[in-house]
Amino acid sequence: MAQKNVNKTFGDLMREVKQYIHAPKNLSLIEKAYKYAFAKHEGQTRRNGDPYITHTVQVAYILATLRVGPKTIAAGLLHDVIEDCGVTPKEFVEHFDEEIYTLVDSVTKIGNLQFTDEKEYQAANHRKILIAMARDIRVILIKLVDRLHNMRTLQYMPHEKQLRISQETLDVYAPIAHRLGISEIKNELEDLCFFFLMPEKYHEVAKMVEVRKAERDQHVETMIQQIQELLAPLQFDLTIFGRSKHLYSIYRKMTTKNKRFDEILDLLAIRIIIDTKDKEAKTAKLDCYEVLGYIHQEYFPIQGRLKDYIATPKMNMYQSLHTTVVGVEGQIFEVQIRTKFMDDIAEQGVAAHWRYKEGTRYNAAREQKEIEEKLSWFRDIFAISEDMDNAEGFMDAMQRDLFEANVYVMSPKGRVIDLPNGSTPIDFAYRIHTEVGNATVGAIVNNTMVPLNTILKTGDVVQLKTAKNTGPSEDWLKFVKTSHARSKIKSYLARREAEDRKPLVEQGEKIYKEEMGKREIDPELITGKKLESVPALFSFGNLPDFYYAIATKTLPVNAIAEKLGHKKGIFEDLNLTRLFKSPQHKNTTPKSVVKVAGIDSIKIELAGCCNPVYGDEIVGYVSKGQGVKVHRSNCPNIAQGKRLIDCEWTEMADDQKFEAVLHIDSINRNYLLTDLVTVVSQYKAALNAIDSHVNDDRITATTIMTLAVSNAEHLRVIMANLAKVDSVRAVERMIL
């Protein structure tokens with residue numbers, strides 16, 4: 001299969017860049033990124049033996065053909081230095097900036113977290129990238145181009161990897177390119193996947209296309225000449241050319257629609273591009289319709305084949321007029337009519353929505369907002385992420401709700417909503433807004449009242465009937481199609497059940513505290529820290545369920561009192577003390593790491609209370625019979641006095657690690673723990689232990705992390721980035 005853009009040089013990249021980027025500082029940034037990547041990747045090679053830098057140059061070159069900004073191109077050149085070259089975040093930011101670092105970090109694979117299998121690992125990586133994409137569209141552009149070049153050179157990979165990577169690309173990356181309207185990349189990715197996954201079918205379809213190709217090309221050329229003569233009176237600046245259908249789309253039509261090759265009506269296709277750069281958008285659209293009128297006046301249109309994507313754009317912003325006509329010698333032709341701007345959008349999607357303009361400053365927030373306004377499904381990524389509590393569930397929901405969506409319905413105001421096959425008015429309602437879904441009581445489809453479980457079809461106009469003080473029914477779960485709707489319904493039902501139970505929960509709490517207070521029960525079990533673990537003693541998962549059981553008399557208070565009053569040491573028996581006191585960590589440190597002046601033979605240990613880390617300010621404390629305990633100088637567990645002794649860090653082994661315990665205060669939310677652990681992994685620290693729980697107020701959460709880090713600076717960077725995690729309020733080192 002022919003490869004594109006193979007072995008483009010840095011010179012080729014700069015020639016492409018200079019066609020639209022002219023500011024010296026921006027050109028210098030790209031050159032700086034190249035030199036840095038070249039140095040870091042020196043000695044690394046790809047499977048085909050090429051220097052690794054050739055890959056990053058190809059990625060940057062393809063990005064330049066999409067006319068992205070200089071920081072995106074720099075990120076393309078640097079996209080593997082963190083993952084493959086051991087560059088730390090601090091070093092990266094010192095050489096470049098936080099914005100470029102965020103782009104590179106977002107396309108970097110998740111590090112050394114533990115996953116049950118390869119599928120879970122890949123799902124976690126995809127979730128990270130998609131959520132980052134929803135925050136900044138440039139992330140997915142870099143990742144798509146990275147994947148495109150990897151697919152172009154996939155023949156050097158082992159056969160099993162070829163199959164796995166191709167299937168992943170077909171399932172995830174090609175659909176993303178389609179949803180973003182980048183047909184150039186989407187079509188090439190699909191054909192490459194087709195080539196590796198089904199080589200026999202690929203060559204079979206390619207052979208069908210090749211047979212009689214010269215004859216078809218002649219028909220297309222004759223048709224182009226006729227159309228040029230036909231449209232000459234309009235005096236439009238036109239470009240007319242033949243369009244080839246890519247092989248995978250032909251195969252899909254043959255298999256999904258059960259068509260023979262010669263039954264595919266758009267094999268012969270003509271595209272008419274109108275240059276309307278000096279015209280207003282409304283006038284430009286009218287020009288397209290005028291051209292359509294001339295085409296239909298000359299050629300017989302096939303009924304039912306006219307598609308107006310200008311009046312009703314596709315969800316990926318695609319706009320064009322499509323008509324199928326009987327052309328020269330009775331041949332069937334599809335004719336596409338669009339403006340130059342529409343054609344740019346059709347080929348390059350979101351990438352065509354901004355072009356780097358000299359003298360203007362790229363504003364990521366502004367550009368992202370414009371993209372979100374045009375691609376409403378972007379917001380659904382966050383909604384699905386909130387709904388799904390694991391990466392695999394998130395990817396399954398994305399696959400069903402977004403990637404496979406091919407039913408397009410409209411609101412009365414003309415807003416187009418895309419849904420998967422089998423969707424109902426309830427799915428439609430929740431895609432509009434959660435509150436709309438919760439309040440829906442009826443639906444009118446195409447001016448006819450229909451049941452809420454009606455299956456919607458493309459073109460349906462859906463009007464919803466809503467009412468206050470109502471809510472979803474449990475029966476809705478039997479027919480809704482989208483994961484988003486299902487999750488919101490379950491959430492509402494759970495909330496309603498909790499509200500209905502609230503008076504009984506409060507009553508049970510009152511009974512428990514009053515009855516236990518009358519008996520000789522440890523106060524910590526009534527209102528103290530140990531209360532949280534009481535429900536587990538009676539096989540309840542939480543306090544509300546425990547209190548509810550008391551109020552409904554399914555759990556007698558006498559039985560509770562007896563167990564709590566007479567089972568001495570019950571918490572130790574159940575190994576629950578770990579919830580109330582932190583473990584003591586003892587690390588014996590080689591003498592070469594800490595030096596105590598004037599002492600050579602005495603035992604030296606790091607104190608387990610404050611866990612000093614290499615680079616901390618330290619002081620020694622002479623313990624009777626235990627040698628010298630090394631504390632952080634601000635540790636409250638050491639008193640000023642004669643037993644303190646000066647000490648200092650010396651050289652240490654490269655693989656030496658130091659334990660640190662962090663206390664993280666945050667607002668509770670979904671995926672908080674996942675995001676915290678991801679930060680630790682990204683900064684190459686080992687996670688030795690973690691304990692996280694929701695506090696009594698049910699709003700805040702406390703997380704205790706035990707990390708193994710290289711030094712104090714390593715720890716400082718991790719703490720700074722943990723503090724940046726959404727909803728985190730404070731990160732502090734603990735002194736036990």
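Buried, in these exercises, means a relative accessible area under 20%, whereas exposed means over 50% and partly exposed covers the range in between. The structure is a predicted model, and every value below is computed from it.

**Exercise 1. Determine how far helix α20 is covered, and name the residues concerned.**

Solution. Applying the cut-off of under 20% relative accessible area to helix α20, which spans residues 425-432, one finds that seven of its eight residues are buried, and the helix is therefore described as mostly covered. The buried residues are Pro425, Ile426, Asp427, Phe428, Ala429, Tyr430 and Arg431.

**Exercise 2. Describe the packing of α20 against α22, starting from the geometry and ending with the residues in contact.**

Solution. Two packed helices are described by the angle between their axes and the distance between the axes. For α20 and α22 the axes are 9 Å apart and the angle is about 80°. Because angles of 65 to 115 degrees count as roughly perpendicular, α20 is roughly perpendicular to α22. On the α20 side the contact is made by Ile426, Asp427, Tyr430 and Arg431, and on the α22 side by His484, Ala485, Lys488 and Ile489. Sorted by class, these residues divide into four nonpolar, one polar and three charged. The spacing of such positions can be read against a general rule: an α-helix has 3.6 residues a turn, so residues three or four places apart point the same way.

**Exercise 3. Carry out the analysis for α22 and α24, and classify the residues of their contact.**

Solution. Helix α22 covers residues 483-518 and helix α24 covers residues 543-551; their axes come within 7 Å and cross at roughly 80°. That angle makes α22 roughly perpendicular to α24. From α22 the contact takes in Arg501, Leu504, Val505, Gln507, Gly508, Glu509, Ile511, Tyr512 and Lys513, while α24 contributes Pro544, Asp545, Phe546, Tyr547, Tyr548, Ile550 and Ala551. The classification gives 10 nonpolar, two polar and four charged residues.

**Exercise 4. Compare the span of helix α9 with the expected value, and state how the helix sits in the structure.**

Solution. Helix α9 runs over residues 138-152, which is 15 residues, and reaches 21 Å from its first C-alpha to its last, close to the 21 Å expected at 1.5 Å a residue. Turning to accessibility, 14 of the 15 residues of α9 are buried, so the helix is largely enclosed by the rest of the structure.

Terms used: Residues are numbered from 1 along each chain as its sequence is written. This is a predicted model: local features need pLDDT of at least 70, side-chain atom pairs count only at pLDDT 80 or more; totals for chains, interfaces and linings use all residues. Side-chain values use heavy atoms; hydrogens and water are left out. Axes are lines fitted to C-alpha atoms, for helices over the stretch in contact, and angles run from 0 to 180 degrees between N-to-C directions. Helices (H or I, at least four residues) and strands (E, at least two) are DSSP runs, numbered from the N terminus. Angles under 35 degrees count as roughly parallel, over 145 as roughly antiparallel, 65 to 115 as roughly perpendicular and the rest as oblique. Contact means heavy atoms within 4.5 Å. Ala, Val, Leu, Ile, Met, Phe, Trp, Tyr, Cys and Pro count as nonpolar, Asp, Glu, Lys and Arg as charged, and the others, Gly among them, as polar. The expected span of a helix is 1.5 Å times one less than its number of residues. Buried means under 20% relative accessible area, exposed over 50%, partly exposed in between (1.4 Å probe, protein chains only).
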